[in-house]
Amino acid sequence: MFSYQWIDSFSQTQNLTFDLANKQNAKQVHKRYVPELAQQYVFIELHKAARLIDPREARIEIQRSTQDINVKVSSRSPKLLTKWQGSMAKSQEKAFDKYLHDHYYTRFYSHLGQEAVKADHLRYINENKAPLLPIAQAIYEKLPPNSESRIYVNLLLSWVQSIPYNELEDRMSSNGAGFLPPLALIRENIGDCDSKSVLTAGLIRSLLPEIKLVMVYLPQHALLGISLPHRNNEQTFNFGGSDYLLMEPTGPALMPLGTVAASSERAINSRLFSYEQVP
């Protein structure tokens with residue numbers, strides 16, 4: 001059983017109690033991404049792929065360096081050379097993507113196009129919709145009958161904002177260190193902005209499966225956008241041709257739906273962001 005009391009963004013005292021089954025309450029573990037282990041996996045998979053190539057068509061040399069894996073293809077036929085160079089390159093990309101998927105990671109691209117590896121936030125959101133449903137229902141049951149969706153979002157938003165904040169490590173270099181999946185965040189009662197945004201999105205998805213959501217990534221920060229009717233004084237942004245109402249799950253500042261920090265507003269207006277559509 002979990003029990004909370006907090007002051008929401010409208011200065012009202014709120015209470016929330018819910019139960020989670022033991023198997024759901026088990027601590028989720030998100031392991032730090034280790035490039036050397038990924039490289040070792042890809043190296044092994046490349047050797048498997050190379051063994052399938054007829055040595056009469058091409059010879060394959062695979063070497064590991066400190067930072068990368070080098071694949072050298074040689075063949076007497078230019079056509080076969082092109083064929084097997086392309087095949088080995090695809091095998092390398094496929095092996096890397098499989099390693100990321102198996103360990104709940106994904107490729108990430110900053111607003112400058114820089115590539116990094118981050119926790120697979122969208123997968124965590126999707127796979128936690130059911131485990132988070134008891135919490136979403138407990139929040140919904142506190143609302144007056146026939147309440148608008150935005151009232152539910154505002155209440156859960158103020159609860160997540162009240163959970164203690166842990167500073168986000170640099171997303172481009174941390175390799176996922178510090179990220180907590182939703183149930184682990186609840187158990188630890190602390191989370192960084194990426195972790196809190198994933199928890200919030202999962203709670204929204206539990207009760208509002210069709211509503212449009214985006215994860216918005218700023219340098220050193222994350223927030224959410226949701227496709228809901230908005231008022232003139234609320235902060236929105238157009239992502240991919242649709243207007244989204246912005247929200248700040250991080251806290252500790254209690255900001256209602258449609259209100260974001262001045263630093264977030266400046267970064268978004270300056271287009272210093274990338275985003276992912278939540279499926």
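Reader: OK, two strands pair if DSSP finds at least two bridges between them. In which sense do β8 and β10 pair, then?

Author: Antiparallel: β8 (residues 221–226) and β10 (residues 242–247) share three bridges. Strands are DSSP E runs of at least two residues and helices are H or I runs of at least four, numbered from the N terminus. This is a predicted model, where local features need pLDDT of at least 70, side-chain atom pairs need 80 or more, and totals for chains, interfaces and linings use all residues. Residues count from 1 along each chain as its sequence is written, and side-chain values use heavy atoms, without hydrogens or water.

Reader: Switching topic: how many residues are in the largest nonpolar core?

Author: It has 50, and Phe-18, Trp-159, Ile-186, Leu-203 and Ile-226 have the most contacts inside it. A core is a set of buried (under 20% relative accessible area, 1.4 Å probe, protein chains only) Ala, Val, Leu, Ile, Met, Phe, Trp, Tyr and Cys residues, joined through side-chain atoms within 4.5 Å. Helix α6 (residues 149–162) gives the largest share, seven residues.

Reader: What about a second core?

Author: That one is separate and has 19 residues, including Tyr-33 and Tyr-105.
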